[in-house]
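Trainee: Before I rely on any description of this protein, I would like to hear what stands behind each term. Could we go through them one at a time?

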Amino acid sequence: MTDPTRPEAPASRYAVEAVRFLGEAQAARAVRGDIWLADLVVAATAAGGADAQRVRRQLLARSVLLTEGMAPEAWAQARAAAEALGVTGPLELFQSAGEENAGIHLVQSPVLLEIRGRLLSLLDAGATLAVFGHELGHWLAHGPDSPDGALGLVVSAALHHGAVPEHAARHVSALSMAREITADRFGLLACGSLDAALRLEMATTTGLSAADLTWDTTAYLAQCRGLIEAVEAEGSAVLGRTHPEHGLRAWALWLWSESDRYHALTGKGPGSRPIDEVEARIAKVMGNAPTGGLAEGALMLDPVPEVHECALAAAVLVALSDGTLSDEEVLAIEGVFGHRVADWQRYLAWDSALEAFADTGAVVIAGGAGAQRAVFQVLVHVLAADGKVEQSEIEMVCSVGDALRCGTLYRALLTPVLRTLGVEVPDLDGAVKPIPMPARTDEAEAALEIFLRGVLRRGGGEASPRRMSRLLGDQDCGPESLTTVQRMLEAVGLEAEGDLAEWPRDRPLRLRPTEAARLAMNEDAAPILKDIDEPARKRLSTALTRLRDQLVSGDGRSPSIRLRRTRSGRSFDLAELEGLSVGHAERVLTLLRAGSRARVVDGREVGVHDGAARVSRELVALEREAIGRAEETGARDLYVGGPFLTGVVGGYLVRAPILLHPVDLERSQGRGFALVPRPGELPVANQALVRLLFAKKGLSFPDDLAETLNQAAEGGVEALRAVLAEQGIVARPETEALQALDPRDEAFASWPDGRVVLESCAVLGFFPQSSSDMIQDYDALIAAVADPGLPLAEHLGAAGALLPADLRQALGITDSVPSSPAPLVPVVAADPSQLAVLRQARSRRALVVDGPPGTGKSQVIVNLVVDALSRGETVAVVCEKRAALDVVAQRLDAVGLRHLLAVVHDVNEDRRPLFEQVLRRLDEGLARDHDPVAADRLDESWPPSPRP
């Protein structure tokens with residue numbers, strides 16, 4: 001509605017107040033009434049306009065003044081727009097690369113028109129009229145004669161202030177966006193065509209030239225209407241800070257073009273909507289805009305290389321999703337990116353596009369809905385480029401949206417576009433296949449080479465073309481992958497017994513060494529194991545055997561014996577990596593088996609791929625558990641285990657990896673992870689599983705078999721299978737390809753006893769093996785019991801005191817031992833009860849000391865250790881928790897006895913420092929020099945005071 005209290009100035013063919021968006025007045029009142037903005041309002045109003053010379057000087061410093069000779073077509077369109085709006089007087093045109101100057105609209109003469117970036121080169125004649133009409137509209141509605149014109153300076157100052165209160169930011173943002181709605185209306189009046197004004201919005205948002213646009217304004221408007229109608233229905237927020245988002249601007253312009261006011265001014269449009277209704281709807285939608293958001297509407301005009309690269313990569317993925325890249329699609333992509341991305345042709349390959357999308361998607365996600373919607377515009381442009389829309393292309397658009405964390409938004413925008421293009425809208429709410437991450441070329445070829453060299457080392461083998469192609473990251477066995485496979489076969493010295501290109505993709509192909517490779521090979525004979533008789537079972541050996549069986553997890557709760565399914569923080573199925581990239585799991589396994597570092601997930605992938613984020617979360621949980629176990633118990637039992645030996649033995653279900661690769665998790669930037677072979681450790685057999693199998697099958701376990709199995713494990717699963725087969729445990733692979741560790745309890749229930757297979761599964765997890773060493777001790781005890789010539793009392797030591805009384809009597813084992821006559825000299829304070837423990841320990845084979853925290857148990861242990869050492873004995877202090885051992889070591893160190901300690905938390909990690917300590921002791925000689933200072937200090941502290 002026209003406000004009769006406001007003057008009409010400057011002169012125009014159209015009454016400014018008849019065009020002005022009604023929401024401007026309300027926003028201006030809010031700015032003037034805001035206390036925080038009061039000083040800015042006073043300063044801007046007192047300025048009384050703008051210094052034309054100063055504003056021109058600022059424009060010339062950061063913009064190019066376009067003379068008529070430089071841009072004759074632009075000048076012609078500017079004059080036409082001025083004439084259409086009734087603006088007379090001189091004009092000056094500037095092409096700007098920076099932010100809009102708030103003062104240019106306040107200059108009375110000449111009328112300064114500033115156009116951003118390369119926008120003019122993108123527009124056709126109608127859209128150019130619209131953009132000049134928009135700038136002239138600012139001069140008419142917000143210029144030197146406008147009562148609220150100076151508030152533009154307030155908006156600019158507030159938005160550039162470092163600490164604007166939320167209420168002030170909301171008011172200036174609302175005013176700035178309302179002014180843009182008004183200026184858009186003048187743009188429509190200047191060009192006289194809603195289509196032309198919408199092409200301006202499309203070009204500004206996508207960065208596409210009007211000539212390159214492959215989808216019409218009807219489809220674009222349908223998308224914008226669908227977006228705002230969803231906003232109205234849900235009460236959600238639109239985006240904007242200084243400029244409303246493009247969808248809102250297009251929708252608001254369309255509403256105004258159907259209003260009775262527009263029809264009255266131009267004679268165009270249906271005039272079916274009352275202006276009051278139009279203004280109320282626009283104001284309501286704009287009222288939901290947050291204080292932060294887009295600074296400008298023309299995101300694709302801004303020089304953000306990562307956004308351009310992501311949009312280019314996503315466009316290529318959409319174009320290639322139907323299997324072909326048409327000439328029309330290439331031209332559409334070139335039209336958008338040919339001048340933005342220097343090597344845009346490189347992105348036209350699927351793998352290159354995948355890699356670029358993974359690298360840059362996080363930037364678009366961080367850019368928020370504005371950047372995400374700008375990418376969508378480009379995707380729709382490519383979608384319609386060849387005149388047909390395939391189901392695979394629609395799904396890829398949704399997949400891109402999911403990867404960019406805006407799948408719901410993309411589906412909402414896509415529905416009206418497809419309807420307008422005449423395409424039947426499929427079910428977009430269903431799950432779509434996530435975009436796979438690219439296979440790294442260097443990793444892929446390294447993995448394939450390692451795999452083929454393993455085949456060569458074994459003297460030949462079988463592999464399907466698809467399995468070899470998957471190692472390269474190609475599920476479909478494309479010609480390029482098969483060419484690479486053939487090249488690498490020849491490079492390592494293998495030949496295929498068939499034409500690789502013609503061979504069925506999933507049929508195993510026999511690979512054999514070439515004649516030259518065969519002559520160069522040294523084949524090692526498989527180890528031959530000796531058999532020993534099963535020891536006799538007497539009462540004691542029966543009890544020891546029962547304890548040994550419990551130690552190898554006869555209850556089935558240990559993952560080293562039976563792993564039914566993976567658990568977060570305990571185990572991770574490597575088959576899940578196939579959701580990230582084709583063949584990724586097999587590449588990781590191949591690299592690890594070769595002793596190489598294997599990248600599992602990149603930080604950049606985590607930001608753009610749900611599957612990568614899920615994998616990262618699982619690895620974080622595993623890392624925390626590994627650190628906790630190492631700190632508390634010193635155990636380092638994280639392995640990549642596989643394949644799984646699965647079967648029913650003696651009525652007992654086993655399902656655990658037979659081969660274990662010790663690994664560490666290495667964290668990289670951005671929650672990325674790699675698996676690194678643990679230094680100094682080689683692959684090992686799962687001794688806990690093997691020993692249980694032997695026990696359940698009633699087989700003896702030879703003394704040297706454990707070492708033989710570990711030696712075979714270094715040669716891989718085939719060598720390990722051969723050793724087990726010689727011992728009567730035969731397991732054949734179920735499948736060649738890697739498979740997930742799926743629950744199979746129902747199937748296992750029907751398995752006959754004795755059926756044992758190898759599942760092609762691989763799991764990263766904790767597979768404790770520490771008890772396997774204790775199993776050897778049990779076996780030694782059982783053998784000792786069977787040897788009548790061995791003095792069993794001496795062999796059992798303190799353990800003999802734990803036997804039942806009748807067994808102790810039969811074996812001649814007594815509970816007591818001769819007490820030492822040496823004086824008892826504790827090195828740390830001891831109360832009477834602690835001294836009593838020390839005296840009993842000298843005369844008893846076994847003793848249990850119990851007490852609540854803080855009662856001095858660690859002091860007792862230190863005194864026990866020192867007392868035994870002083871009598872020339874050897875002492876082992878054993879504890880499950882590493883922290884307790886550290887406390888004892890620190891207390892012994894405090895009394896000067898660190899040189900007598902060998903602290904071992906991890907048999908591999910602590911090996912080097914232990915050897916170095918032994919070497920230092922040898923260098924010192926057998927005797928240590930007398931330290932008079934230490935002796936005096938000990939004399940002064942003796943006798944120690946008892947603990948209170």
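Mentor: We will take confidence, then helix packing, then the sheet. This is a predicted model, in which local features need pLDDT of at least 70, side-chain atom pairs count only at pLDDT 80 or more, and totals for chains, interfaces and linings use all residues. Residues are numbered from 1 along each chain as its sequence is written, and side-chain values use heavy atoms, with hydrogens and water left out.

Trainee: Where in the protein chain is confidence lowest, and where is it highest?

Mentor: On pLDDT, the predictor's confidence in each residue from 0 to 100, the protein chain averages 79, and 81% of the residues score at least 70. The lowest mean, 59, belongs to helix H39 (residues 932–940), whereas strand S7 (residues 571–573) has the highest, at 95. Over residues 290–303 the pLDDT is below 50, although this stretch has 51 contacts in the model beyond near neighbours in sequence, a contact being heavy atoms within 4.5 Å. Where pLDDT is low, the predicted coordinates should not be read in detail.

Trainee: Why is H36 called oblique to H37?

Mentor: Helix H36 (residues 857–870) and helix H37 (residues 882–894) pack at an angle of about 60°, their axes 10 Å apart. Angles under 35 degrees count as roughly parallel, over 145 as roughly antiparallel, 65 to 115 as roughly perpendicular and the rest as oblique, so H36 is oblique to H37.

Trainee: What makes H9 oblique to H14?

Mentor: Helix H9 (residues 166–191) and helix H14 (residues 275–286) pack at about 140°, with axes 11 Å apart, and by those cut-offs H9 is therefore oblique to H14.

Trainee: Which residues of H9 and H14 meet, and of what class are they?

Mentor: Met177, Ala178, Ile181 and Arg185 in H9 meet Val278, Glu279, Ile282 and Met286 in H14. By class, this contact of H9 with H14 has six nonpolar, no polar and two charged residues; Ala, Val, Leu, Ile, Met, Phe, Trp, Tyr, Cys and Pro count as nonpolar, Asp, Glu, Lys and Arg as charged, and the others, Gly among them, as polar.

Trainee: How do you know that S5 pairs with S6?

Mentor: Two strands pair if DSSP finds at least two bridges between them, and three bridges join S5 to strand S6 (residues 509–513), the two running antiparallel. Within S6, leucine 511 is the bridge partner of alanine 496.

Trainee: Why do S4 and S5 count as edges?

Mentor: The open sheet has the order S4-S6-S5. Strand S4 (461–463) and strand S5 (494–496) each have a single partner strand, so one side of each is left without a neighbour in the sheet.

Methods:
Helix = DSSP H or I, 4+ residues; strand = E, 2+ residues; numbered from the N terminus. Axes fitted to C-alpha atoms, helices over the stretch in contact; angles between N-to-C directions.
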